[in-house]
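User: I've got a model open and would like to talk through how it's put together. Can you take some questions?

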Amino acid sequence: MSIEISYFEEIKRKGVHLSSLWMVAATLLLPRYFAYGRWISCILFAALLLLTLVSEHDYANGGKYLGKLYGILFGRMLRKEVKPGMWIVSGGAFVLAAALLVNLLFVPHIAAPALAVMLTGDAAAALIGRKFGRHKAPNGKSWEGVLAFVLVGYGMLSLVTFLANAPEIYYLTGIFAVIFAAFAELFEKQIKLDDNFSIPLCVGAVLFLSDKFF
C-alpha cells in the first residue's frame, strides 16, 4: 500500500536522488580514462543494485545488519508500507537498474545526459509540484511539476551534452527527448513502469535516433 510521506522526507528523498549525480560523472569519465571504463561502470552499477536489493529485502525481514542500516538511512523515505517477508523494490533500485541498462545500451555521451535528466528533472517535478502545484495534471500531479521537469531536465541535458562534447543536434532533439520523458513520468501508472527507469530510456532512445538520422 502506498503511503504519503512528508514534504521534509520528500526533500531528503530527492536529496538522495541528486547525490546520485556521481553516476553521470562515472558514466562520462570512466570510459575516458580507462580502457574498459564502460564495463567498469556497468559492474559498479550492477554490484550496487544487488547490494540495494539485498538490503531492502533484509530491512523488510527485520535484519540486524544491512536491514537495520538501510532502515536508519532510508526507512522513512519509502512510499510503500513494508510488511514482513515482502521484497521491497525502491526507487533507488530502479535508478541503479536504469544506470546499468543505459550504460549497456548506449554510448557514454547518450547515457550520461539520459541519467542527468532523470536525476534532476524528477527531483524538480516532485519538489516544485508538491510545493507550488496549483493546476492539476493527470494522476494527482501538477502542470507546474511537469514544467519544472522539462526546464530543469533540458538544462541538465544541455550542460552534460556540452561537458561530453556530444553532437550539437542534441541541443535540438534534447527538447523532444525531455518532453517525451516528462510524459513517461506523468503517466507512470498507465505504462506501469517506474519513472526512474523509464525516463532515461526515453531520453536515451531519442538521442540515439538523432545520432542515426541527423
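User: What covers the buried residues of H8?

Analyst: Keep in mind that this is a predicted model. In H8, the buried residues include Tyr170, Thr173, Gly174 and Ala177. The cover over the buried residues of H8 includes helices H6 (108–132), H7 (143–163), H9 (188–191) and H10 (195–213).

User: How far apart are the end C-alpha atoms of helix H8, and what span should its 17 residues give?

Analyst: Helix H8 runs over residues 170–186, and at 1.5 Å a residue it should span 24 Å. The end C-alpha atoms agree with that, being 23 Å apart.

User: Which element has the highest mean pLDDT, and which the lowest?

Analyst: Across the protein the mean pLDDT is 89, with 90% of residues at 70 or more. The highest mean, 97, belongs to H7, and the lowest, 70, to helix H4 (residues 66–74).

User: Is Ser210 buried or exposed?

Analyst: Ser210 sits in helix H10. Leaving out residues up to four places away in sequence, it touches Ile169, Tyr170 and Thr173. Buried means under 20% relative accessible area. Ser210 has 2%, so it counts as buried.

User: Which side chain makes a polar contact with the side chain of Ser210?

Analyst: One thing the side chain of Ser210 reaches is backbone: the oxygen of Leu207, at 2.6 Å. The side-chain partner, in a polar contact of 3.5 Å, is Thr173.

User: How many aromatic pairs does a search of the whole structure find?

Analyst: The search turns up 4 aromatic pairs. One of them is Trp22 with Phe45: the ring centres are 5.8 Å apart and the planes at 45°, so the pair is tilted. This pair links distant parts of the chain, with Trp22 in helix H2 and Phe45 in helix H3, 23 residues apart. To end on the value you asked for, the count is 4.

Note on methods. Residues are numbered from 1 along each chain as its sequence is written. This is a predicted model: local features need pLDDT of at least 70, side-chain atom pairs count only at pLDDT 80 or more; totals for chains, interfaces and linings use all residues. Side-chain values use heavy atoms; hydrogens and water are left out. Helices (H or I, at least four residues) and strands (E, at least two) are DSSP runs, numbered from the N terminus. The expected span of a helix is 1.5 Å times one less than its number of residues. Buried means under 20% relative accessible area, exposed over 50%, partly exposed in between (1.4 Å probe, protein chains only). Contact means heavy atoms within 4.5 Å. pLDDT is the predictor's confidence in each residue, from 0 to 100. A polar contact is a pair of N or O atoms within 3.5 Å; within protein, one must be able to donate a hydrogen and the other to accept it, and residues adjacent in sequence count only if both atoms are side-chain atoms. Rings of Phe, Tyr and Trp (its six-membered ring) pair if their centres lie within 6.5 Å; planes under 30 degrees apart count as stacked, over 60 as edge-to-face and the rest as tilted.
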